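User: I want to go through the labels on this model one by one. For each, tell me what backs it up.

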Amino acid sequence: MVENQGNAYRTRGVIMAAVALMGIALGAILYGVAGVGITAVIGVILIVLGIDIFVVGATYSSEPDKFGPSEQMYRTALGLVIALIGVILVIVGYDVSIWVAVAVLIIGIALIGLSTGLINSKKSKF
């Protein structure tokens, strides 16, 4: 894996900023042209940002330390949580029942927790 310092670290920041700008541009297009509500637009932007953090997070070190999960696991889980919040906002923006949004949120959190727990179960240091 790539070290968490130097040029590689700055390159990741530039990639994340570029994708964030693309997400904002996509949101502006959806709002202006497609007439999508502001809640759904914010949700789409968060989905793009979450996927961005998830993908770029996969390039960080996967070595756990005594303080918790690896940098890679932290960033990938964070990206998934942000994308999940975006999905919830899109669901709410299209006036779907609040119970559907709550169910998607609970299932999403459970899946993220289950997957990170299973991945880290054999890597953790004691």
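User: Where is Pro64 placed?

Analyst: This is a predicted model. In it, Pro64 sits in the loop between α2 and α3.

User: Why is Pro64 called buried?

Analyst: Its relative accessible area is 7%. Buried means under 20%. Pro64 therefore counts as buried.

User: How far is Pro64 from Tyr74, in sequence and in space?

Analyst: The two are 10 residues apart in sequence. Their C-alpha atoms are 10.0 Å apart.

User: Which residues of α2 are buried?

Analyst: Among them are Ala40, Val41, Gly43, Val44 and Ile45. Asp52 is also one of the buried residues in α2.

User: Why does Ile45 get that label?

Analyst: Ile45 has 17% relative accessibility. The cut-off for buried is under 20%, so Ile45 counts as buried. Ile45 belongs to helix α2. Its C-alpha is separated by 9.3 Å from that of Leu21, which is 24 residues away along the chain.

User: What makes Tyr31 partly exposed?

Analyst: Tyr31 lies in helix α1. Its relative accessibility is 49%. Tyr31 and Val41 are 10 residues apart in sequence, with C-alpha atoms 6.5 Å apart.

User: How many salt bridges does the structure hold?

Analyst: One. It joins the side chains of Glu71 and Arg75.

User: Why is the contact of Glu71 and Arg75 called a salt bridge?

Analyst: A salt bridge needs a side-chain nitrogen of Lys or Arg within 4 Å of a carboxyl oxygen of Asp or Glu. For Glu71 and Arg75, the N to O distance is 2.7 Å. The pair therefore qualifies. Side chains of opposite charge can pair when their charged atoms come close.

User: How are Glu71 and Arg75 placed in helix α3?

Analyst: They are four residues apart in helix α3, residues 71-93, so about one helical turn separates them. Glu71 is partly exposed at 28% relative accessibility. Arg75 is buried at 17%.

User: Which other residues of α3 are buried?

Analyst: The buried set of α3 includes Gln72, Met73, Thr76, Ala77 and Gly79. Leu84, Ile88 and Ile91 are also in that set.

User: How do you know that Arg12 has no salt bridge?

Analyst: Arg12 lies in helix α1, residues 6-34. The nearest side chain of opposite charge is Glu71, 7.9 Å away. The limit is 4 Å, so Arg12 has no salt bridge.

User: What polar contact does the side chain of Arg12 make?

Analyst: It contacts the side chain of Thr59, at 2.9 Å. The limit for a polar contact is 3.5 Å, so this pair falls within it.

User: What makes the phi of Asp95 worth a remark?

Analyst: It is positive, near 55°, in a residue other than glycine. Most residues other than glycine have a negative phi. Asp95 follows α3 and is found in the loop between α3 and α4.

User: Is Asp95 buried or exposed?

Analyst: Exposed. Its relative accessibility is 72%, and exposed means over 50%, so the label holds.

User: Which residues make the nonpolar surface patch?

Analyst: Val92, Ile98, Trp99, Val102 and Ile106 make it, with an area of about 510 Å². Helix α4, residues 98-120, gives the largest share, four residues.

Definitions and conventions. Residues are numbered from 1 along each chain as its sequence is written. This is a predicted model: local features need pLDDT of at least 70, side-chain atom pairs count only at pLDDT 80 or more; totals for chains, interfaces and linings use all residues. Side-chain values use heavy atoms; hydrogens and water are left out. Patches are made of residues with over 30% relative accessible area and no salt bridge: like charges are joined within 9 Å, nonpolar side chains (Val, Leu, Ile, Met, Phe, Trp, Tyr) within 5 Å. Accessible areas come from the Shrake-Rupley method with a 1.4 Å probe; for residues, only the protein chains shown count as cover. Helices (H or I, at least four residues) and strands (E, at least two) are DSSP runs, numbered from the N terminus. Buried means under 20% relative accessible area, exposed over 50%, partly exposed in between (1.4 Å probe, protein chains only). Lys and Arg count as positive and Asp and Glu as negative; His and the chain ends are not counted. A polar contact is a pair of N or O atoms within 3.5 Å; within protein, one must be able to donate a hydrogen and the other to accept it, and residues adjacent in sequence count only if both atoms are side-chain atoms.
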